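Me: I would like to learn how to read the features of a structure like this one, step by step. Could you give me the general idea each time, and then the case at hand?

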Amino acid sequence: MGQIEYVSATTVKPTTNTNSPQKIESTPFDLPFLVVDYTHRGILFLKPEQQKQHLGKNNVIDHLKISLSRTLDIFAPFAGRLATVENEDGTTSFFIHCNGAGAMFVHAVADGVSVADILEPSCVPTSIVHSFFLMNGVYNFEGISKPLLAVQVTELGDGAVFLGCSYNHAVADGTSFWNFVNTWSEISRSYGEILQPPPVLGYDWFLHGIDHPIRVPFSYDETICNRFISPPLIEKVFHFSKEKIAALKAKANAEMSTSKISSLQAILGLLWRSTIRTRNLDADQEIYCRVLVNMRQRLQPPLPEEYFGNAVVFGTATTTAGELLKNGLGFAALQINKMVAQQTDEVVRKNLENWVKRPVLKKLSSAASNALIVASSPRFNVFGNDFGWGRPVAVRGGAGNNYDGKMSVFPGVREGSVDIQACLLPETLQSMEKDEEFMEALSA
């Protein structure tokens, strides 16, 4: 199977230059992400015949560069860099310098790879998919000197295109990133009026009671060393159809005599039970399900959905292995439901205030056999991203922040379906594939 060949690498800058670069202070939502990897998200398109005919002399690659430049006019932070202020007390303060330095854009080809090579294997072919992303093994704090957005467009042997984006999670969360991609795709296909609402940048400081700039203890040398090396993992995409999801949700709510368990909570409850069941933990072993919760509409007053930055927190549902396995799907899903409900304006603001008083930047240090970590969301508009040659046929994550028990949630290609890209130890996956409760809930 052919390897990646890099054709060109360029820096794409906004089309407009500003004489007064904007400074955006990092918030307590942003700062904890400094010591984790760049996030990788990519979408796969079939051969773009329609767009090539429409463009005439300009090819797809040049057109994407031009439309990206126009999009960076609107999403200025992605064209900037992180910047720091060294404080007299030995701490460091971070902010985004919207200086128009630009995003990285790489054109690559993989002549020996086809769409079938990506989608047909039972597990994600990581040797292929991970090569479609830049910034592998790069911490977010390295955005001081590296681009905050890096795009690799890989043309496959059958003419298909994989658009792989690596973005700095200390600058933007998933909502902000997909809003950016939605705008880029609209600019690419429309050549005219943009209907996608613009991002809300440099929003008035909304964390009342927390002074800024925030001071955090930070040492580049200490942080760059002792990187966590994950054991060999297998990545697999689990497909849940709209019908299977409805059945799971109904079962979970019926078991707990309630109606408040959501579809996603039912899916995560199923995954939590299956992964814990396969690990053969002691009954009294504490276990966790950590889920990124979007706080935009939970804060009071709410943040606009177009707010650009991070507005997410990790909520943690906790129980014991024995309780989780003996009490059924509804119990597991309800623990996640209760955890999400607890992420109120009052609770989260208090947690952020306490964190600022004693800030700690925690690196990923080990793989926990008692935890499920959930990122991304099925609500993101992934498959509406038509750059002018049709909708994507698949979405994939890359190598960033992968460890046993990490679940990346995406909408499925078919409306109402959900895909979970799971990172698991080989023995965990093998056991899950023998778990009848879990396998019965999957789509063929």
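Reply: Let us start with contact, which means heavy atoms within 4.5 Å. With neighbours within four places in sequence left aside, K260 is in contact with N253, Q265, L334 and N337. Please keep in mind that this is a predicted model, in which local features need pLDDT of at least 70 and side-chain atom pairs count only at pLDDT 80 or more, while totals for chains, interfaces and linings use all residues. Residues are numbered from 1 along each chain as its sequence is written, and side-chain values use heavy atoms, with hydrogens and water left out.

Me: Where is K260 placed among the helices?

Reply: Helices (H or I, at least four residues) and strands (E, at least two) are DSSP runs, numbered from the N terminus. K260 is in the loop between α7 (242-255) and α8 (263-279).

Me: What does the domain assignment give for the protein chain?

Reply: Domain bounds come from an automatic or database domain assignment, and here they give domain 1 (6-226) and domain 2 (234-441). The centres of the two domains, taken over C-alpha atoms, are separated by 24 Å, and 74 residues of domain 1 are in contact with 58 residues of domain 2.

Me: How should I read the area buried between domain 1 and domain 2?

Reply: Buried area is the accessible area (1.4 Å probe) that two parts lose on being put together, summed over both. Between domain 1 and domain 2 this comes to about 5600 Å², with 64% given by carbon and sulfur atoms. Of the area that domain 1 buries against domain 2, F29, R41 and F45 supply 12%, more than any other three residues.

Me: How many salt bridges are counted between domain 1 and domain 2?

Reply: A salt bridge is a side-chain nitrogen of Lys or Arg within 4 Å of a carboxyl oxygen of Asp or Glu, and the count between the two domains is one.

Me: Is N310 buried or exposed?

Reply: Buried means under 20% relative accessible area, exposed over 50%, and partly exposed in between (1.4 Å probe, protein chains only). N310 has 0% relative accessibility and therefore counts as buried; its place is in the loop between β10 (286-294) and β11 (312-320).

Me: Which residues does N310 contact, leaving aside its neighbours within four places in sequence?

Reply: Among them are T27, F29, D30, F33 and H169.
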